[in-house]
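Try each task before you read its solution.

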Amino acid sequence: MNESIPAPGGLPLLGNALSIGRDPFGFVENAVVNHGPVFRVSVPGLSFVCYADPALVERVLVTERDRYEKDPRERNLLGPLLGDGLLTARDGTWERGREQVQPAFYPGRLRAYGEVMLERTDGFVRDWSDGQRVDAYEWARELTLSIVGTVVFGVEGVEEMRTISRGADAITGRFEPSSVPLEVPLWVPTPANRRYRRAVDDLDGVVADLLDRRRASPDSGADLCATLLAAADDGAISDERVRDHLLTMLLAGHETTAIALTYAMALLATHPDEQARVLEEVREPETIDAGTALPRTDRAIQETLRLYPPTYLLFRQAATDDVVAGYEIPAGTRICLPQWGIHRDERLFDAPRSFRPDRWLDPDAYPDFAYFPFGGGPRACIGRRFALLELRLALATILRTVSLEATPETEWSPTPALTSRPDGPVPVRVRR
């Protein structure tokens with residue numbers, strides 16, 4: 001690797017591991033400002049180059065995407081769980097998989113999903129009492145799991161959803177940070193790895209049972225499961241790929257949306273002036289649905305995803321030699337695109353750590369890929385519209401029923417694991 005690429009100061013053998021372990025998000029923010037647009041990071045067993053500039057992100061994801069491929073490390077980490085789902089599939093397999101999954105996200109389907117989102121959220125919110133203290137993260141996870149379980153599998157079995165929830169916890173736990181971020185191979189029998197293996201086995205069992213039941217009742221719904229089973233019955237896809245796509249959508253669509261909804265609720269609770277603007281907007285219509293225009297709500301969500309992108313780093317690998325910002329990038333170099341740092345770069349955003357939804361009144365004021373919570377290019381998140389619809393309808397339903405208040409304990413700290421989920425409860429008080 002070209003040694004002239006700048007790097008944040010590190011230690012022999014450990015590299016940047018201690019700095020990352022102490023304050024991973026702060027490390028990324030400081031490195032982007034002080035060492036960008038290209039800098040090198042190393043921890044034991046892993047070295048990568050960060051592209052910390054919107055134009056370079058666009059280069060990797062769009063304009064020169066043939067020079068870059070999915071990082072094999074991501075497949076090694078998640079492959080045992082997600083197989084050839086859209087998150088981990090190689091290019092040829094990914095293209096076929098996207099064609100098979102795409103019909104589940106057509107506009108007509110999204111409108112139908114919107115009805116489920118509204119119904120589920122209303123049912124959850126209806127149980128709140130005035131003044132109740134709610135853990136926004138736990139509540140959001142239960143809600144999004146209920147929604148995605150319905151629109152992915154078309155089922156509402158409580159025990160099945162609990163198995164999926166336990167599985168998601170164990171899977172996330174394998175990627176918990178430590179004071180020195182070392183990667184532990186899956187074959188090492190650590191407690192986290194054992195829980196991970198059990199979680200994968202449990203999830204496989206749930207999915208197999210659900211597929212058997214859905215095949216026995218082929219007219220039971222128009223969800224993603226039905227779409228994929230129809231393709232499998234036509235010989236276009238194997239049962240194994242059906243399983244991979246369903247688990248990918250289930251876990252990715254559940255956890256990341258819950259994280260975004262948690263942070264949106266917490267930010268509005270701690271910014272009552274901003275909440276008042278959204279309250280006025282969502283309470284004006286007699287009813288809301290998937291087609292209701294809610295620009296203030298959308299801006300609050302956009303600003304939440306800027307400050308707290310659930311997927312906070314993207315990884316790729318250079319497939320061919322490249323020259324970027326004057327530096328030679330050999331084929332095989334691991335590349336990191338740090339959403340977290342770019343989204344908080346003071347050269348791109350005024351007061352970047354402040355929650356200011358109205359900064360998005362003119363989205364053209366920012367370069368392309370100054371903001372990319374869903375990635376970009378052909379491999380952008382296929383569930384982007386689904387997630388944004390779920391967030392806006394859930395947030396609107398909440399605020400049509402209650403207002404959110406901060407409590408003395410309303411604080412949060414993101415965890416740099418598989419996602420940027422909060423490291424504990426995020427309490428808010430609800431007022432009817």
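Buried means under 20% relative accessible area, exposed over 50%, and partly exposed in between (1.4 Å probe, protein chains only). This is a predicted model, where local features need pLDDT of at least 70, side-chain atom pairs count only at pLDDT 80 or more, and totals for chains, interfaces and linings use all residues. Residues are numbered from 1 along each chain as its sequence is written, and side-chain values use heavy atoms, with hydrogens and water left out.

**Exercise 1.** Classify Ala 351 by its accessibility.

Step 1: Find Ala 351 in the loop between helix 14 (339–343) and helix 15 (384–401). Helices here are DSSP runs (H or I, at least four residues), numbered from the N terminus, as are strands (E, at least two).
Step 2: Its relative accessibility is 29%, so Ala 351 counts as partly exposed.
Step 3: Check the backbone. Phi of Ala 351 is near 40°, a positive value in a residue other than glycine.

**Exercise 2.** Describe how the rings of Tyr 51 and Tyr 68 pair.

Step 1: Apply the rule. Rings of Phe, Tyr and Trp (its six-membered ring) pair if their centres lie within 6.5 Å; planes under 30 degrees apart are stacked, over 60 edge-to-face, the rest tilted.
Step 2: This rule gives 16 aromatic pairs.
Step 3: The centres of Tyr 51 and Tyr 68 are 6.1 Å apart and the planes stand at 85°, so the pair is edge-to-face.
Step 4: Tyr 51 is in strand 2 (residues 46–51) and Tyr 68 in strand 3 (residues 68–70), 17 residues apart.
Step 5: Both Tyr 51 and Tyr 68 are buried.
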